[in-house]
Amino acid sequence: MTAETSQTLDRGLRVLKLLADTDHGLTVTELSTKLGVNRTVVYRLLATLEQHALVRRDLGGRARVGLGVLRLGRQVHPLVREAALPALRSLAEDIGATAHLTLVDGSEALAVAVVEPTWTDYHVAYRAGFRHPLDRGAAGRAILAARKQPPEGPGYTLTHGELEAGASGAAAPLIGVTGVEGSVGVVMLADAVPERVGRRVVDAAREVAEALR
């Protein structure tokens with residue numbers, strides 16, 4: 001540190017870098033150890049970063065990078081959408097259902113990119129910017145399932161009628177994208193989602209994750 005630099009700002013940036021380098025977040029104790037400062041300092045840093053949505057803490061108290069980091073640059077969301085669109089288009093056309101990329105925003109799931117199929121007579125209308133609780137709908141539930149260690153199930157989540165009557169959803173989490181929690185999914189007017197759709201959604205989530213790395 002030099003006389004011209006801010007120690008507090010330096011520590012805050014180091015917190016963000018540490019959180020960006022982990023997929024599962026860090027506790028106050030872990031951050032304290034890595035930074036070489038006491039827990040009180042870490043609590044203050046996290047509280048300040050949370051006020052700006054740069055950091056969020058889950059129910060277990062683990063700190064993670066917040067979507068406020070994306071908002072720092074106006075072009076970040078468009079870049080994320082652009083990276084995801086090829087896989088989403090392919091998914092929507094293959095399945096004949098509305099495909100979407102959803103990211104975590106606090107305690108909510110936020111749809112940041114949506115692609116509707118071009119050849120179907122009807123499909124579910126789903127808009128970018130749509131929000132819903134993480135524990136409702138396939139997109140949010142897939143993200144919550146990915147937080148479990150080790151992950152359980154076939155790699156995708158299925159739901160029916162949780163967000164819209166008569167609609168079913170399938171979603172798979174983004175894996176291995178540092179600092180980003182999200183999922184790729186489809187929503188369709190059906191009583192149940194065919195198994196092949198679940199497998200196809202997993203493949204699309206893998207493609208999007210690779211594009212975002």
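Mentor: Two packed helices are described by the angle between their axes and the distance between the axes. This is a predicted model. Take helix α1 (residues 7-20) and helix α2 (residues 28-35): their axes come within 11 Å and cross at roughly 115 degrees. The crossing of α1 and α2 is right-handed.

Trainee: Which residues of α1 and α2 make the contact?

Mentor: On the α1 side they are Arg11, Arg14, Val15, Leu18 and Leu19, and on the α2 side Leu31, Lys34 and Leu35. Sorted by kind, the contact of α1 with α2 has 5 nonpolar residues, 3 charged and no polar.

Trainee: Helix α1 also contains Gln7. Is Gln7 buried, partly exposed or exposed?

Mentor: Buried means under 20% relative accessible area and exposed over 50%, with partly exposed in between. Gln7 has 44%, so Gln7 is partly exposed. As for distance, Gln7 and His132 are 125 residues apart along the chain, and their C-alpha atoms are separated by 38 Å.

Trainee: How is a backbone angle such as phi read?

Mentor: Most residues other than glycine have a negative phi. Ala53 is not a glycine, yet its phi is positive, at about 60 degrees. Ala53 sits in the loop between α3 (39-51) and β1 (55-57). Its relative accessibility is 27%, and therefore Ala53 counts as partly exposed.

Trainee: Where is Lys148, and how far is Lys148 from Arg136 in space?

Mentor: Lys148 is in the loop between α6 (138-146) and β6 (157-160). Lys148 and Arg136 are 12 residues apart in sequence, and 17 Å lie between their C-alpha atoms. Lys148 counts as partly exposed because its relative accessibility is 43%.

Trainee: Which residues of α6 are buried, and what covers them?

Mentor: The buried ones in α6 are Ala138, Ala139, Gly140, Ala142 and Ile143. What covers them includes β3 (98-105), β4 (108-115), β5 (131-133), β6, β7 (167-173) and β8 (182-189).

Trainee: Let us pick a residue in one of those strands. Ser183 lies in β8. What does Ser183 touch?

Mentor: Leaving out residues up to four places away in sequence, Ser183 touches residues including His100, Leu101, Thr102, Ala171, Ala172, Pro173 and Leu174. Ala139, Ala142 and Ile143 are also among its contacts, and these three are among the buried residues of α6. The side chain of Ser183 reaches the backbone oxygen of Ala139 at 3.0 Å. Ser183 has a relative accessible area of 0%, so Ser183 is buried.

Trainee: How does the length of a helix compare with what is expected, for instance in α7?

Mentor: Helix α7 covers residues 195-212. With 18 residues, α7 reaches 26 Å from its first C-alpha to its last, close to the 26 Å expected at 1.5 Å a residue. The buried residues of α7 are Val197, Gly198, Arg200, Val201, Val202, Ala204, Ala205, Val208 and Ala209.

Trainee: Why does Arg200 count as buried?

Mentor: Arg200 counts as buried because its relative accessibility is 14%, and the cut-off for buried is under 20%. The side chains of Arg200 and Ser90 are joined by a polar contact of 2.9 Å. Beyond four places away in sequence, Arg200 touches Ser90, Leu91, Asp94, Ile95 and Glu207.

How values were computed
Residues are numbered from 1 along each chain as its sequence is written. This is a predicted model: local features need pLDDT of at least 70, side-chain atom pairs count only at pLDDT 80 or more; totals for chains, interfaces and linings use all residues. Side-chain values use heavy atoms; hydrogens and water are left out. Helices (H or I, at least four residues) and strands (E, at least two) are DSSP runs, numbered from the N terminus. Buried means under 20% relative accessible area, exposed over 50%, partly exposed in between (1.4 Å probe, protein chains only). A polar contact is a pair of N or O atoms within 3.5 Å; within protein, one must be able to donate a hydrogen and the other to accept it, and residues adjacent in sequence count only if both atoms are side-chain atoms. Contact means heavy atoms within 4.5 Å. The expected span of a helix is 1.5 Å times one less than its number of residues. Axes are lines fitted to C-alpha atoms, for helices over the stretch in contact, and angles run from 0 to 180 degrees between N-to-C directions. A crossing is left-handed if the near helix is turned anticlockwise from the far one by less than a right angle, and right-handed if clockwise. Ala, Val, Leu, Ile, Met, Phe, Trp, Tyr, Cys and Pro count as nonpolar, Asp, Glu, Lys and Arg as charged, and the others, Gly among them, as polar.
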